[in-house]
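This report is meant for a reader who has not seen this structure before. Please keep the sequence and the 3D view at hand while reading.

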Amino acid sequence: MGYPHASHQRETAVLSQYFGDTEARTLDGWKKRGGYQALEKALAMAPADIVNVVKESGLRGRGGAGFPTGMKWSFMKPGDGKPHYLCCNADESEPGTFKDREIMRWTPHALVEGCAIGAYAIGAETAYIYIRGEFTEPLLWMERAVQEAYAAGILGPNAMGTGKRIDVHVHKGAGAYICGEETALMNSLEGRRGNPRIKPPFPAVSGVFGSPTTINNVETLVAVCPILMKGAEWYKSMCLSNPKSTGTKLFSVCGNVRNPGTFEVVMGFPFKDFLYDLCGGPATGRKFKAVIPGGASVPIQTMEEADATLMDYEGFVAQGSMLGSGGVIVIDDAQSMVRVIARLARFFAHESCAQCTQCREGTAWTTKILERIRDGQGTMEDLDTLMSIAYNMTGTTICVLSDSCATPVISGIKKFGHEFEALIHGKRIHSVMAAVA
Amino acid sequence: MSAKSMGGLESPDMTAHDGSGHETAYTPVFFGETRKELDTLLSRYPTKMAALLPALWIVQRVHGWVSEDGMAEVAELLELTPAYVKGVVTFYTMYHQHPVPKYFIQVCTTAPCGICGADEVVKAFLQQTRTGELGVPSPDNKYAVIEVECLGACGFATPIMINEEFVESVTPDKVSTILARLP
């Protein structure tokens, strides 16, 4: 990628090729770079053939769950007499993740094109791009790109002169992490509070406005364009480890690292090289202590685990975590893990939609206890209580926000328990001294 | 969890500070060009209700916040009840339910920014805007500073928002320059 630093020679820039290139933002600039050829090609194909190419490529959802995209699209049955909808999830709010923001601010037309192809492939005439309200700059570029595409006849009732109708609309969120959960996103789009819905019915059966709906992440839709242009075999060939994880992936890196930013590598790239070579390693005099590799909701890795990881869906699971959204949070030895986890818990407590008791109460209790330990007021029983709350918060609620809050707590206490205990015992020693005095 | 215990993450309640003691009459928003803008929005969705979030954004753009009168106006146009609209407004953190100072400054302090020194940025803003406390307006009613949850720009720690403007890579030493360029 080109922003905020030069592309590293070990990156494979497919989606990030034009990051930092301001001309790529305009319709003319995008067309000069081969833009909208994939859409033109797609509109000449049968929708089922597009779905097959995407299936064959092995592309999996880039938002976090890693569900095969082609299969998701194939759930949308043609000719059911109902309007179909595509929702693009651009509510990127997972702490540590900022890759979709880069896509939208540098290559907005890539997303318009990806949405148009996706909509056509699932038999939808309308696609909504749900962008979080805080993304004022990406919103601006996306709105401009959509306007340009309408003015040029790429979108509208006669998309690219094919007689097919494709509408793409930008929808601005209003500040709620939970709206990145797909059913909450649909509720929010409908003008409701962003509470997640119980599944089933799944969105492909009854989604937004009660119609069959597919929700795809920004990066997933953008990846479809090069897949259509260069073929499924080309995409599948980009794989360094497990054949179930293909293509390139954008990783956004933040925290205590020398070169934060977005990096694009082939699936299966060694995480150790990624952290020390591409990201430049830790600051002078510091050492890495832990990594949260896929956004705040995935288990924390020790450096032993991180160093042994191959960066794909299976590789992160094999080393005690998950690929998630690809938001890599690097933590160095100057940080207190208790402080980091307490702050993450506070995030989830603030963002809980409060529908389910386990989540509403659990996130708040977890935060209170963690902050108590952080401030030197904790007891050893607190650790048991935290674990008990965390287990009761896992798999018991409508959506996984509750599980996401429990994850750093469980993995944190298991892998960095000594830091919790040191703070708790520090307090004990302190109070004994006070009693003696 | 209350807004207070979360570090004042919601719009500050300004009603106690404006000193006027009376409410001014509400000016409706959706006339002329703005009404046309709403009609364009309505054409994008199969239901009127779906235009609710965009309509509330328009109210906030015009008035600077979303009052109960604003909610009532939107409710009538979209064939909803004011109570329903209020339920939606209160769910989302970006709609101001009270007037806010001229510059509403939100500093991201979620964990990734937190480990890169976001707390020091908050301190610098509180000090230099003379607000002193999160969510409390400055004596000249020009600024309010709050902590905000993840702004989604973690590689550019610390990102802040001043009203609708996004500023990346803020460090405590840049705060005076940022404040100096605000008119």
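**A parallel sheet in chain A**

The model is predicted, and the values given here are computed from it. Chain A holds an open sheet of four strands in the order β3-β2-β1-β4, with parallel pairing. At the edges stand β3 (167–172) and β4 (213–217) of chain A, each with a single partner strand, so one side of each is left without a neighbour in the sheet. On average, neighbouring strands of this sheet are turned by 20° against each other, direction ignored.

| Strand pair | Sense | Bridges |
|---|---|---|
| β1(A) and β4(A) | parallel | five bridges |
| β1(A) and β2(A) | parallel | seven bridges |
| β2(A) and β3(A) | parallel | six bridges |
| β5(A) and β6(A) | antiparallel | six bridges |

Strand β1 of chain A covers residues 84–90. Which residue stands opposite A:Cys87 in β4(A)? That residue is A:Ile215. In β2(A), A:Cys87 stands opposite A:Tyr128. Further along the sheet, A:Tyr130 has A:His171 in β3(A) as its bridge partner.

Is β2(A) largely enclosed or left open by the rest of the structure? Seven of the eight residues of β2(A) are buried, so this strand is largely enclosed by the rest of the structure. A residue counts as buried here if 20 or more other C-beta atoms lie within 10 Å of its own.

**Helices of chain A**

Helix α7 of chain A, residues 136–151, lies across β2 (124–131) and β3 of chain A. The direction of α7(A) is at about 160° to β3(A).

Helix α6 of chain A spans residues 108–121 and has 14 residues. From its first C-alpha to its last, α6(A) reaches 20 Å, close to the 20 Å expected at 1.5 Å a residue. Because 14 of the 14 residues of α6(A) are buried, this helix is largely enclosed by the rest of the structure. After α6(A) comes A:Gly123, whose phi is positive, near 75°.

Two packed helices are described by the angle between their axes and the distance between the axes. For helix α5 (residues 99–106) and helix α9 (residues 218–230) of chain A, the axes come within 9 Å and cross at roughly 50°. That angle makes α5(A) oblique to α9(A). On the side of α5(A), the residues that meet α9(A) are A:Lys99, A:Asp100, A:Ile103 and A:Met104. Their counterparts in α9(A) are A:Val218, A:Glu219 and A:Val222. By class, the residues of this contact of α5(A) with α9(A) are four nonpolar, no polar and three charged.

**A mixed sheet in chain A**

An open sheet of five strands in chain A has the order β6-β5-β11-β8-β9, and its pairing is mixed. The edges are β6 (261–266) and β9 (301–302) of chain A, each with a single partner strand, so one side of each is left without a neighbour in the sheet. Strand β5 of chain A covers residues 248–255.

**One residue of helix α15**

A:Arg372 is placed in helix α15 (residues 357–374) of chain A. With 17 other C-beta atoms within 10 Å, A:Arg372 is partly exposed. Which residues is A:Arg372 in contact with, leaving aside its neighbours within four places in sequence? They are A:Gln377, A:Gly378 and A:Asp382. A:Arg372 and A:Ala342 are 30 residues apart in sequence, and their C-alpha atoms are 9.3 Å apart in space.

Chain B has seven helices and four strands. Starting at the N terminus, its elements follow the pattern α-α-α-α-β-α-α-β-β-β-α. Of the 183 residues in chain B, 40% are buried. Among the contacts in chain B with a separation of 6 or more, 60% come from residues 24 or more positions apart.

The contact of the chains takes 37 residues from chain B and 48 residues from chain A. On the side of chain B that touches chain A, α2 (52–63), α4 (82–89) and α5 (111–114) of chain B each supply at least two residues. The largest share of that side, four residues, comes from α2(B). By class, the side of chain B that touches chain A has 27 nonpolar, seven polar and three charged residues.

How values were computed. Residues numbered from 1 in each chain as written. Chains lettered and ligands numbered in written order. Predicted model: local features only at pLDDT ≥ 70, side-chain atom pairs only at ≥ 80, totals over all residues. Expected span 1.5 Å × (residues − 1). Buried ≥ 20, exposed ≤ 12 C-beta atoms within 10 Å, placed from the backbone. Contact = placed C-beta atoms within 7 Å. Nonpolar A, V, L, I, M, F, W, Y, C, P; charged D, E, K, R; others polar. Pairing = 2+ DSSP bridges. Axes fitted to C-alpha atoms, helices over the stretch in contact; angles between N-to-C directions. Parallel < 35°, antiparallel > 145°, perpendicular 65-115°, else oblique.
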